[in-house]
Amino acid sequence: MNYRHAFHAGNAADCVKHALLVALARTMLAKPKPLFVLDTHAGIGSYDLTAAEATRTGEFHNGIAKLRRSPPEALDDFVALSGTADHYNGSPALIRALLRPGDRLALCELHKEDAATLRRRFHGDPQTQIHQRDGYEALTALLPPPERRGLILIDPPFERTDEFAAITAALLAAWRKFRTGVFAIWYPVKHRAPVRDLFDAITASAIPDVITCEVMFRPPLDPARLNGCGVLIVNAPYGFTTAAPPILNALRDRLAEPEGSAGISVLADETLK
């Protein structure tokens, strides 16, 4: 409850997460059937980069500010949706900009003030519902959606010492209720051990069709730093694995140090039972 994303909005990790989120949404929206999107940890939706929180850390200078100066072609779509010079659009604003009539967005935010900000931002929007509630609990409460097609973003603040274990348990419970849903889980990489444990737990769960997309800004040698991040995806939609590599490579080239890396890995095959 102490975490406020305004200090970190538009940083390099946000750019990785949101560029991949836009690509996921685009591929799913290529089909005409209605789409439901659930954002479990929504924040406030859009962020003022001139506000005290953003200027205090200045993290956006090494993220979205770099990309906006001269966007690589693979990131044109994301950068165009990312906001203006002084603002950065988080996942709620990005997704809402893409939705068609008939699609639906549910935003969960536990922090009272941030939930109120979301309500003001989306006031009068019949396609967007705001829930002040725990995002993990919402996974089982709101799934499966009546649309039967869903993109679920799980993006916790990683304040809890057991956040990786909480993600695994929540994902498994949600997948059991909605096995055809597309789940996207953002995770930080400070050092490899917690991430390896997450991957092992997901593999042991027997959830099929799981990939990871990662950008490492530098080798994970200093566990006190955010050295990279990734998005773990269950049921990646058709076309995404073709669209993702140029995006990941462009993010690496613009945001990573010379020893950085990027790539896609398969954790579980589609046919896993």
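This is a predicted model: local features need pLDDT of at least 70, side-chain atom pairs count only at pLDDT 80 or more; totals for chains, interfaces and linings use all residues.
1. Helix α10, residues 240-255, lies across β8, β9 and β10. Compare its direction with that of β10: the helix runs at about 145° to this strand.

2. **The sheet itself.** Eight strands make up an open sheet with mixed pairing. On average, neighbouring strands are turned by 15° against each other, direction ignored.

3. A handy landmark is A184, which stands opposite I233 in β9.

4. **Helix α1.** This helix covers residues 12-29 and lies across β6 (150-154), β7, β8 (210-216) and β9. Its direction is at about 170° to β6.

5. In soluble globular proteins, nonpolar side chains tend to be buried together. Here the largest nonpolar core has 93 residues, and F78, F183 and L251 have the most contacts inside it. Helix α1 gives the largest share of this core, 13 residues. What is L251 in contact with, leaving aside its neighbours within four places in sequence? The list is C15, V16, A19, L67, L75, V215 and A256.

6. Helix α9 (residues 192-204) has 13 residues and reaches 18 Å from its first C-alpha to its last, close to the 18 Å expected at 1.5 Å a residue. Its buried residues are V195, L198, F199 and I202. Seen down the helix axis, these fall within an arc of 95°, so they line one face of α9. They pack against α8 (163-177), β7, β8, β9 and β10. On the other side of α9, D197, D200 and A204 are exposed. After the helix comes A206, with a positive phi near 70°.

7. **An aspartate worth a look.** D114 belongs to helix α6, residues 112-121. Is D114 buried or exposed? Its relative accessible area is 7%, and buried means under 20%, so D114 counts as buried. Leaving aside neighbours within four places in sequence, D114 is in contact with R4, G43, I44 and E109.

8. **The loop between α7 and β6.** The peptide bond from L143 to P144 is cis, with omega near -5°, and P144 is found in the loop between α7 (135-142) and β6. R148 lies in the loop between α7 and β6 as well. Although R148 is not a glycine, its phi is positive, at about 70°. R148 is exposed, with a relative accessible area of 52%.

9. **The loop between β6 and α8.** F158 lies in this loop. Its phi is positive too, at about 60°, although F158 is not a glycine. At 18% relative accessibility, F158 counts as buried, whereas R148 is exposed.

Terms used: Residues are numbered from 1 along each chain as its sequence is written. Side-chain values use heavy atoms; hydrogens and water are left out. Two strands pair if DSSP finds at least two bridges between them. Helices (H or I, at least four residues) and strands (E, at least two) are DSSP runs, numbered from the N terminus. Axes are lines fitted to C-alpha atoms, for helices over the stretch in contact, and angles run from 0 to 180 degrees between N-to-C directions. Contact means heavy atoms within 4.5 Å. The expected span of a helix is 1.5 Å times one less than its number of residues. Buried means under 20% relative accessible area, exposed over 50%, partly exposed in between (1.4 Å probe, protein chains only). The arc is that of the directions from the helix axis to the C-beta atoms. A nonpolar core is a set of buried Ala, Val, Leu, Ile, Met, Phe, Trp, Tyr and Cys residues joined through side-chain atoms within 4.5 Å.
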